[in-house]
Structure formats: structure tokens, C-alpha cells
Amino acid sequence: MRALLLLGLDHVTRASRSLHSTLNTSCCAAAERASRSRHDEDGVSHVISMDSRTQEAVDEGERRFTRPPSGDAAGRGASPPVFLYVLAFFSALGGFLFGYDTGVVSGAMLLLKEEMNLSALWQELLVSSTVGAAALSALGGGSLNGWLGRRACILLASLVFSIGGVIMSLAPDKVVLLVGRVTVGLGIGIASMTVPVYIAEVSPPHRRGQLVTVNSLFITGGQFAASVVDGAFSYVSRGGWRFMLGLSVLPAVLQFVGFLFLPESPRWLLQKGRSQEARRALSRIRGGRGVDEEYDTIRTSMEEEAKEAPGGGLVLLRMFAHGPTRRALVVGCGLQMFQQLAGINTVMYYSATILQMGGVQDVNQAIWLSAATSATNFVFTLVGVWLVERVGRRRLTLGSLSGTGLSLTVLAVGFWLSARYSPSTTLHPADAQNSTCRLYGSCELCVLDPRCGFCYRENGSAVFDSSCVPVGQASTGHAAWGRCSNQSAATSSPTWAYNYCPTSYSWVVLTGLLLYLAFFAPGMGTMPWTVNSEIYPLWARSTGNACSAGVNWTCNVLVSLTFLHVAQYLTYYGSA
């Protein structure tokens, strides 16, 4: 009996000790949570005596029992707050401005080169000056982002773009117009590397790819809107380009006003130690749902990134010294480089000119066909938004590159057919200026020389009475002398062709352009920006995106500054 009593007492003692241990663990966990709360509110560091691994296990166990399921599964089931889409919309207006400037210059250039008598060099300067300024400001945008924050940089970009739009619309000559183009480029460069980062940092993980791709959708939407504006104002007899370039001020002002009322990135605020502001910004973005858990996750990930990051010094040098970020930088910059070397912005900058090169005679028709190519770009970017989370970044990029190569081949074949069956010159009038134009035996050779144009008559599809004569000094819209020196609307007047040849293969060139954009837009048009917004740790994100955007704009400069001269020296199908 005594033995049984002793045994029972022993069991009671053990149970009491177990209960005491459980209560003590719960108290420690509660005290730890209170300590964290006081740390967030007061910014005071507390010394935690509990072992970190044990505490993480306790916290995880408590979350499982006291909170609803979290992570992607829960996040995917809940609809995001409307405010998140408002943020994405106003942020992506930076992409719209980028796209509008890319697209509007295509149609405006057809009017500018006649009104201001622009040479090929000046056309390339007006296009590439914006791109060059964007490259410089994108490289400097990394430091600005780390210093001022994402929100302030977007405000600065929209302000600079507005000033540039006003300068362009009021430009009295090509020099002032060049200043306006450079100013606009400075704004575009800052926005191009800031907007994807901002959207990525305010988006929930399971929607990040789609929302960052929305920026690319707005880029193509801006290009389409610009081509429609170009078409509408192409009928203005003189000065239509002022409206085309000046209307860019409207979305820039809208973005500036909108961002006056939008929050800063919570991650940037936490990085700067402004924890209370970060929590309030996150609560506003998420609509108050799951804020504590996401706040803790962000802070934990930032602490882990800080531990993994190499020591102090210049961020770029630290990225090169750290293996994972070095590889990420190579991938990010490589994607941006191949995007531009594939020729996308050459197509967008010079789409109307390319269509003229392919044989489209009427300026208005070339501008509206350019709008069709921009519409194709926009529609297939929507396809990319739908595919990005279903197919994956890698497969979408590889498929896009394969299709782009095939479509460029079709484009080159179209130009080759136009050159192969180019009409010959049948008249060789005496040239008082003793120019070399009269020596060319075909239209193809004639129009490749920027000093010459093709003057001909047409009966259906047959070309006759054709000659190659010098271009007028005041304007490329007529010849220096002879039948095509005084152009009129009379049907009996000969046709003056500068920069193109009459051909029946224009449809092949247009098909190549449409196929090119259909394959390029879903993958290579969107993935370089999406991938770069995701692959860098927070300490290297601004610098990594600045470097990749700088590579993008630098390659853009090289392509856009040389395209017209390459087309002259390598022929149209060689440049394709």
C-alpha cells in the first residue's frame, strides 16, 4: 500500500513539473512577443536570453494553432485589396511614358525630317539622345533609389519628363528639340529602373510576376497610344509633331499627382530603420490583412540577407565579390542586352520608316500600319501577363527568342525580295550638278544613297519613265531639279520616292514585323524587367537594377544610333 502511495505521489510530482515547464515556456513566448512589440514601437534593442532556434520553433507552433493558414496557398485564395492595383497602375504610368516616347518618335520623325530637313545623322541623334540620357540616369538611379527612396524617385522622374515634354512641344528648331529629348530621357531612365523594383516590393509573392509584367504591358500600351496619336495628327499640315511629342505631359502629370498620395516601399523603410512607417505602409497596401506575419517575414529575410552580404564598401564591388549576386548580375544584364540586340526598340523607333523602306508609299498609311504593329505588341504582351505564372520565366524566354529569330528571317526575306525585283532606271537625264545619282541602275541602289531619290511613273503595278536624281536641299520631299522638283497632287505627275522603292512585296515586310512582335512581346519584351526585379537581395537590389537598366539603355543607344547608317551600308535586308 505504501509503495502504491509513493508511486502515485511520484506521478503527481512529474505532472506538476511538466505543467510548470509548459507554463514557463508560454510565458517566455509571450514575453518575447511583447519584447518584439516594444522594439518596433520604441526602436529600442532588447537582449533575448532564449535560444533563437527554440524560440523560432515555439513561434512557429503558436502560429499553427492560433493563426489561419499562411503562405502561397492562403494568399492565392484571398483576393488582393483594390489599393494594390491602384499602386500598380500609378507606378506603371512610368512604363507608359517609356512606351509613349518610344512609339511617338516613329511617326513624328516622318514629319520632322521633311519640315526640318533632317539628315540621317540628325534623325539618329534625336532618337538616340533620349536613349543615351536614359542610360546615364538609369545608372545613377541606383544611388538615388538608395538615398531618396522609390516613391521620391518616381516623383522626380515624372516631374523631369513633364518639363521635357513642354520643351519638345515648344521647340523652335532642332537644337532645342534635342534638349527636350535629352530631358525626357533623364526622366525615363530613372523611372525604368525604379518602377519594377517598387512594384515588386509592394506585391505579394504569388502575384509579383504578374504585377511587374503589368509595367511591360503599360510600356506596350504607351507605344500603341503613341501610334494612334501619330496617326491622328499626321493630317495636320504643319506642326503636327508638336502635338505628338507634347501630349506626353498628361500621363506624367497624372503620375506625379497620384504619387503624392501613395506610400513608400515598406522594404526600403525597414532598410532605413523606419519600422513604424514601414508597418503603416504595409498595412495600407494590404488592407490590414496578415500585416504582422508579413512584416515579420520581411524583417527576417532582411536580417538573413544582411548576414549573407559581404562586408562594407562600394555595393557594386560587394556584388562582384559575392558569388550569388555576381551570377544574378550576369543573368540580369545579359537578358537586358539581348533584349536590345534583338532590335525591339529599333522596330518601335523606326517602324513607320521601316514600312516605308519596305515599299509603303503614303506617309499616313505608313503611320497607321505602324499603329497596327504597336497593337500587336500590346496584345501579345497581355498574353505574356497571362503566361508568366503558368509557363515560367525560363521557358517563356527561350520560346520567345526562337520565334524572334524566325520572324527576323521573314523580315529579311521581305526586304531581299523587294531588292531582288527592284525596278530599274530607264531614264538618265543630264545632271548639271554632276552628281553620282544618274550612275545607279536600279531603285534599290538609288535610295540607299541619302543624296538621291527615285522619280517614276506607274501604271497599275508597272513602273516606267524612272530616273535617279539628287534630293532637294531644302527638303527631302522633292527632287533638286527635273520632273519631281515641283510635286503636285495631279494624277499625271510622276511619283517621288525618297528612302523607298515601289514593290509588290510590302506585305512580306509587314508580316515579318507582326510576327516579330507577336513572338517578342510575351517573353523577351517582359521577362528581362520581371526577372531583374526578383533576383537580387535587398542590399543589392537598387544597384543591380540600375546596372541592368544601364546595360539596356546603352545597347539601345548603340542600335538606335546606327540603324539608318547600317541600313545604308548593309542594305535593308542586311540590317534586318
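**Legends to close-up views of the predicted model**

**View 1. Packing of helix α8 against helix α17.** Helix α8 (residues 208-233) packs with helix α17 (residues 363-391) at an angle of about 170°, their axes lying 8 Å apart. The two helices are therefore roughly antiparallel, a term for angles over 145 degrees; axes are lines fitted to C-alpha atoms over the stretch in contact, and angles run from 0 to 180 degrees between N-to-C directions. The residues of this contact comprise 12 nonpolar, 14 polar and four charged, where Asp, Glu, Lys and Arg count as charged, Ala, Val, Leu, Ile, Met, Phe, Trp, Tyr, Cys and Pro as nonpolar, and the others, Gly among them, as polar.

View 2. R267 lies in helix α11 (residues 266-271). R267 counts as buried because its relative accessibility is 14%, the cut-off being under 20% relative accessible area with a 1.4 Å probe, protein chains only. Beyond neighbours within four places in sequence, R267 contacts E201, I298, S301, M302, L538 and R541; contact means heavy atoms within 4.5 Å.

**View 3. The protein chain as a whole.** The chain contains 23 helices and three strands, which are DSSP runs (helices H or I, at least four residues; strands E, at least two) numbered from the N terminus. Of its 576 residues, 52% are buried.

**Notes.** The model is predicted: local features need pLDDT of at least 70 and side-chain atom pairs pLDDT 80 or more, whereas totals for chains, interfaces and linings use all residues. Residues are numbered from 1 along each chain as its sequence is written, and side-chain values use heavy atoms, leaving out hydrogens and water.

Technical notes: Buried means under 20% relative accessible area, exposed over 50%, partly exposed in between (1.4 Å probe, protein chains only). Angles under 35 degrees count as roughly parallel, over 145 as roughly antiparallel, 65 to 115 as roughly perpendicular and the rest as oblique.
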